[in-house]
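Below are some notes for a colleague who is opening this structure for the first time. They cover a sheet, a pocket, a residue and a cavity.

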Amino acid sequence: MDAIEEKEIAIQVKNVSKSFRMYFDKGHLLKEKVLFRNRNHFEMHEILNDVSFDIYKGESVGLIGKNGCGKSTALKLLTKIIYPDSGSIEVKGRVSSLLELGAGFHPDLSGRDNIYINASIFGLKRQEIDARIDEIIAFSELGEYINNPVRTYSSGMYMRLAFSVAINVEADILLVDEILAVGDAMFQTKCLNKIEEIKKNGTTIVLVSHSMDQIKMVCDRCIWINNKKISAIGDTADVVKKYLAYMGRGGMIETEEDGKAVVKNYKIESYTVEMFDVEDNDKTVWHTGEKVKIRIRFKYDTEIFANVRMEIVRLDGIKIYSEVFNNEGIGYLIRKDTCLELKIDSLNLLMGKFYFMLYLIDEKENVVGKIEPFAEIDVIDSVERQGMTYLSCRCSMEKTLENI
Amino acid sequence: MKEIYEYKEMIFSLVRRDLKGRYKNSILGFFWTFLNPLLQLLVYTFAFAVVMPMNIENYYMHLFVALVPWIFFASCLTGGARAVIDQQELVKKVYFPRHVLPIAFATSQFVNMLLTFVVVFVVLLISGIGIDLVKLCVFPLVAFIQYFLAMGVTLICSTISVYYRDMEQIFGILSIGLMYATPVVYSLESVPEEFRNALLLNPMTTIIVAYRDILFYKRMPDLQMLFITLLESLCILIIGWCIFAKMQKRFVEEF
């Protein structure tokens, strides 16, 4: 421990708390604010509560936690995109973030012009950009295309250019949020290699990721945020182990704060469900690959913030699919009268009977309401396909002399 | 302040992006910028020189030298409201001193005005009114006073409209009203004595009158009045700066 304390602090977070205002129905216009005053009620929703940590110069730190635990909020606080309600954050040195690639790109201007704009948004001075421009162009592998307008670029070229700028800013602190999930495998490898290189140069790195592999690969230390607080901080391997153990247990260790377990008896009452296809027909028999819109109205005896989990179970009891929706970490405000809308872009179920379930999950991972099932549908499909889900496969034959 | 100075390159490149983006890829690009003042010039000249004659010699020129700076001010009032909202994706994702956005907006409008003034100078020479080079020395002073004022207005408008999106409409109406509260289409002398002082409360009045003195009448503007206007403009700039600095912390949560 002593060795670490001698190091220079790059980021100091002290007793930081942050809440967001959750509006029930927010009006953005003066007209609305004046005429419908009662619509402007909001509830404070706390994301971080009295969080403190230090990050030392030259180390790379991972931020982990389940969806909506406040990781991204923490990262945004570090970049000063948002400000804490209380507490202080001190960041020493230039910060570059891979939160937004291609910030401020103008489609009509050339790649070269855009490098200047983009780099200047990261706070570089003209001479600094001049000194780096060749390196940036080389990294982007754009070659002579660099003088063409950006609107003529393919999305891959666009990404390469944007990434080259962000990574070549040579910041003292680099913040990365899930960005490594974008792009093909080649590009990801290139990203990781570059990050490794930057790390060797002594840049402080803060990485938010759900991929424990990436975290283990890049980070020396790890911070696990849970329930507005830091649950664990320290050596990456230890923290990741604790985190995975917790996630595996499905959130059973919550009651320590209250001391006693409070059983909530709230439940969903009198619900109605409508399932529409693209043409807004309400139906119960579907074809594979259709677009589905589900509207569920129900009554609930209190008001809480909850995540929504949808599950699809086949007649034989096999769970085909399950997803938790957390409204970007804030949860949904469940009220006396709630109307949820779920959308499925492509119903990739094969022939059979399926049940749709809905669960409301509070911040402590308790199920505080459920409808089992809220819908029962039949899916019709051609007999050629069998199994669990539709996987969009193709078969073709290479053209050889024999079969032409 | 110091931090914004460090980000001056960003201001320059945003201004360059705006100007270049506007003029690139269209031969008419440059022309479009002048089309707006020219059309307004045409309409007002028809209204106030033909339909309701004002008894001002070379009325179109009398109007032209005032209309160009007025359009600069009005665009900061109405367009400035969008300076932050339009860049919300950027504001949400990247940190930079937020002041950069309204400053860059006002600056790009300012550069536009200066470019339009080149046309004004050409017309002055062609029409035979000519340019008095000595009096022209005061021109940069007037232009900078207006620049400060416009920047202050942009800071205020851009802040308010993040919180109240429909204020843009109101700013539009306000700018039309203000135009007639400023001697743009008429001359200050034609205003009855008892209203004249009320008009002078509007800093744009002194600025427009000064432009007209320098370019149209080729006489020295009232420097004392200009000095007061400079103070007024700086006041508005500082107020705008402080309001912006206070409110910008919650911008991201308001989007």
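1. Strand β12 (residues 292-300) of chain A pairs with β16(A) in the antiparallel sense over eight bridges. Strands are DSSP runs (E, at least two residues), as helices are (H or I, at least four), numbered from the N terminus; two strands pair if DSSP finds at least two bridges between them. Within this pair, A:Ile296 stands opposite A:Leu340 of β16(A).

2. On conventions: this is a predicted model, in which local features need pLDDT of at least 70 and side-chain atom pairs count only at pLDDT 80 or more, while totals for chains, interfaces and linings use all residues. Residues are numbered from 1 along each chain as its sequence is written, chains are lettered from A and ligands numbered from 1 in the order in which they are written, and side-chain values use heavy atoms, with hydrogens and water left out.

3. The open sheet has three strands, in the order β10-β12-β16 (chain A), with antiparallel pairing. β10 (268-276) and β16 (337-344) of chain A are at the edges with a single partner strand each, so one side of each has no neighbour in the sheet.

4. The largest pocket has a volume of about 1,600 Å³. A pocket is an open set of points on a 1 Å grid over the protein atoms alone, with protein on both sides within 12 Å along at least five of seven lines; a cavity is a set where a 1.4 Å probe fits but cannot get out, and lining residues have an atom within 4 Å of a point. Grid points are joined across faces, edges and corners, and a volume is the space filled by probe spheres set on the points.

5. Of the 50 residues lining the largest pocket, those nearest its centre are A:Lys76, A:Asn327, A:Glu328, A:Gly329 and A:Ile330. β16(A) gives the most to this lining, seven residues. Chain B takes part too: α6 (88-93) and α14 (251-254) of chain B each supply at least two residues.

6. B:Glu254 lies in helix α14 of chain B. B:Glu254 and B:Tyr164 are 90 residues apart in sequence, and their C-alpha atoms are 9.8 Å apart in space.

7. A search of the whole structure finds one cavity of 30 Å³ or more. The largest cavity has a volume of about 60 Å³, and its lining includes A:Val13, A:Phe53 and A:Ile225. β1, β2 (42-56) and α3 of chain A each supply at least two residues of that lining.
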